[in-house]
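Biologist: I am new to this structure and would like to understand the words used to describe it. Could you bring it up so that we can go through it together?

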Amino acid sequence: MKTSAELKLLCIYFLKFIRAPIDTVKFPPQIRFRSLLLFQALLSSGFGALTGRISAQSWHLWIWFFTFPIINITVSSLLSLILLLTFKIFLKREEPFEKIYSLVFIALIPFIVFFPLFSYLPPLFLVCCALTALLLVVGLVENLKIPQTVAIKTVVLISIVFLLIWILNQIQSQEGLGAL
């Protein structure tokens, strides 16, 4: 299948995901990895540009347009690697990195979509974290046949790390505002 056809398929999948995320994550699209990366970069660029556009500074549009895809792909890669190693070490199972990455990307779609609002509604990050955790557990259990208890424990530990980073970021932001 051509890249353009796969991108169209991913756009349709994205729209279905917006309507029914839990049902949609059970059936990830079967496409080439490079098409998935391209779609993730384009989607992240779009929402990154939106983040910059609603910012008070006009030059933020270009910064977020280029940096958000890099951040998003890096986070997706790290989470996928953590899951890959967890399954390899604790379950003695090898899963294809591309399949894990696909599930992680799908689970992170709420972060991509709501990212422009995080600076205005910081607790929205917590809602997205909970939704992403739920989607990741469902995806791991339904697609990779990971035992539910292992999936839940793994995702909860990863979520705790994300929450700690968010808390530290909120404290640092408040200290920065207090210095002004």
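Biologist: What volume does the largest cavity have?

Modeller: This is a predicted model, and in it the volume of the largest cavity is about 90 Å³. With 30 Å³ or more as the rule, the count is one cavity.

Biologist: What makes it a cavity and the other space a pocket?

Modeller: A cavity is a place where a 1.4 Å probe fits but cannot get out, whereas a pocket is open. The largest pocket has a volume of about 820 Å³.

Biologist: Which residues line the largest cavity, and which elements give two or more of them?

Modeller: The lining consists of Leu79, Leu108, Phe111, Cys129, Thr132, Ala133, Leu136, Val155, Ile158, Ser159 and Phe162. Two or more of the lining residues come from each of α7 (124–143) and α8 (148–179). By class, nine are nonpolar, two are polar and none is charged.

Biologist: Which residues are closest to the centre of the largest pocket?

Modeller: Those are Trp64, Phe115, Phe118, Phe125 and Asn169, out of 25 residues that line the pocket. The elements giving two or more residues to this lining are α4 (60–90) and α8, and the largest share, seven residues, is from α8. Its classes are 16 nonpolar, nine polar and no charged.

Biologist: What lines the second largest pocket?

Modeller: The second largest pocket, with a volume of about 190 Å³, is lined by Pro28, Pro29, Gln30, Ile31, Arg32, Phe33, Leu36, Glu98, Lys99, Ser102 and Asn143.

Biologist: Which residues of α3 and α5 meet?

Modeller: From α3 there are Phe33, Leu36, Leu37, Phe39, Gln40 and Leu43, and they meet Phe97, Glu98, Tyr101, Ser102 and Phe105 of α5. This contact has eight nonpolar residues, two polar and one charged.

Biologist: Why are α4 and α5 called oblique to each other?

Modeller: Their axes cross at roughly 125° and come within 9 Å. Roughly perpendicular covers 65 to 115 degrees and roughly antiparallel needs over 145, so α4 and α5 are oblique to each other. The crossing of α4 past α5 is right-handed.

Biologist: Which residues of α4 meet α5, and how do they divide by class?

Modeller: In α4 they are Ile73, Ser76, Ser77, Leu79, Ser80, Leu81, Leu83, Leu84 and Phe87. Across from them in α5 are Phe97, Ile100, Tyr101, Val104 and Phe105. Taking both helices, the contact of α4 with α5 has eleven nonpolar, three polar and no charged residues.

Conventions: Residues numbered from 1 in each chain as written. Predicted model: local features only at pLDDT ≥ 70, side-chain atom pairs only at ≥ 80, totals over all residues. Heavy atoms only, no water. Contact = heavy atoms within 4.5 Å. Helix = DSSP H or I, 4+ residues; strand = E, 2+ residues; numbered from the N terminus. Nonpolar A, V, L, I, M, F, W, Y, C, P; charged D, E, K, R; others polar. 1 Å grid on protein atoms, 1.4 Å probe; cavity = no way out; pocket = protein on both sides within 12 Å on 5 of 7 lines; lining within 4 Å. Points joined across faces, edges and corners; volume = space filled by probe spheres on them. Axes fitted to C-alpha atoms, helices over the stretch in contact; angles between N-to-C directions. Parallel < 35°, antiparallel > 145°, perpendicular 65-115°, else oblique. Left-handed = near helix turned anticlockwise from the far one by under 90°.
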